[in-house]
Structure formats: C-alpha cells, structure tokens
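Open the structure in your viewer and follow along.

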Amino acid sequence: LYVTDHASGTYEDNEISRNALAGIWVKNHANPIMRRNHIHHGRDVGIFTFDNGLGYFESNNIHNNRIAGFEVKAGANPTVVHCEIHHGQTGGIYVHENGQGQFIENQIHSNNFAGVWVTSNSNPTIRRNEIYNGHQGGVYIFGEGRGLIEHNNIYGNALAGIQIRTNSDPIVRHNKIHHGQHGG
C-alpha cells in the first residue's frame, strides 16, 4: 500500500506480505486509518512513514520484516496503538531524522536489535508499551535523540533496558525496567 499526497481512507483486515519494499508507505501529509492488518515477511520495513506522513495505526500485527517493523522519519508523526511489533530482523520501531509519533500500549518484543531506536533530533512519545525479550536493548536513544519515554514495562532484554548516548536528551519517567540481562 502506498498512501501519499494528503490521501486518507480506512484500511482494515488486510494481509500484506513478502514485498520487495515496505509493506505500507505513508508520506506527504497522508493520514490513513489502518486497523487489524497483518504485515509480515517483507524484504524491507513493515510500515514506513516519512516526509510528513501521519496516520492512525491500531491493532496491527507487524513481524518478520527484514528491516524495522515500523520506521518514522523526516517529520512523520503517526499514532500507533495496540499493535504487536515483533521478530524484526533489525529493530522494532526506528524513529530518526526529525521523526515524531505517538506509540501507546504496543507489544514490542523479540526483535534482533533494540525494541525502539530514537536518533537524529527525533522526538517521539513512547508510552505504556511492553518492550521485552529483545536480542539487544529495550530503548536505545542516540545521536541527539529526544522523546518522552514513560510508563513502559521494559524487561528481559539482552542489553540495557534504556540506553542514552551521544548528546541525546530524552525525558524518561515512571518506567518499570527489570529482569534484563545487562544494566537497567
């Protein structure tokens, strides 16, 4: 699915799999509603929002994509709720290059890299998610990343529950970080 140029629409109960590029692209102020879709085994990102793309993503199952399950960049600002983002060959959620977004009450687990990556002046809200069993860290903020990380349950990750580096400046509060195989 390629939604662009202020387009909207409602997309429900679709199976989107085994595509060469992203399963869903949302760009240039497009603002779709996507519910209960199954996005999997793509050779790129599961869902890619960029160039000021928006969208409301609810109860989607996003897994086994070659790159991140959900990527946000270049001013994109999606709302992602009650999704399961898992078994990505890299990370779960990747927010970079001034990306934003609200990620609320998602299950983010079993990804090969960090569950959530935030970098390059991005500023997402990561709230009330379960972030667990990552093969690396839970939340990784680097390269001048920002964001609000609050009320998450972060556990069972191979590296740090939350790692903050290289001039990053997030707000981190009211999280439960436990049972990691490395530091909190």
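A polar contact is a pair of N or O atoms within 3.5 Å; within protein, one must be able to donate a hydrogen and the other to accept it, and residues adjacent in sequence count only if both atoms are side-chain atoms. This is a predicted model, where local features need pLDDT of at least 70, side-chain atom pairs count only at pLDDT 80 or more, and totals for chains, interfaces and linings use all residues. Residues are numbered from 1 along each chain as its sequence is written, and side-chain values use heavy atoms, with hydrogens and water left out.

Select Thr4 and Asp5. Their side chains are joined by a polar contact of 3.4 Å.

Stay on Thr4. Where is the place of Thr4? It is in the loop between strand E1 (2-3) and strand E2 (10-12). Strands are DSSP runs of E, at least two residues, numbered from the N terminus.

Now show the surroundings. Leaving aside neighbours within four places in sequence, Thr4 is in contact (heavy atoms within 4.5 Å) with Lys27, Asn28 and Ala30.

Is Thr4 buried or exposed? Thr4 counts as buried, because its relative accessibility is 18%. Buried means under 20% relative accessible area, exposed over 50%, partly exposed in between (1.4 Å probe, protein chains only).

Zoom out and select the whole chain. Of its 184 residues, 50% count as buried. Colour by secondary structure: the protein chain has 24 strands and 0 helices (H or I runs, at least four residues).
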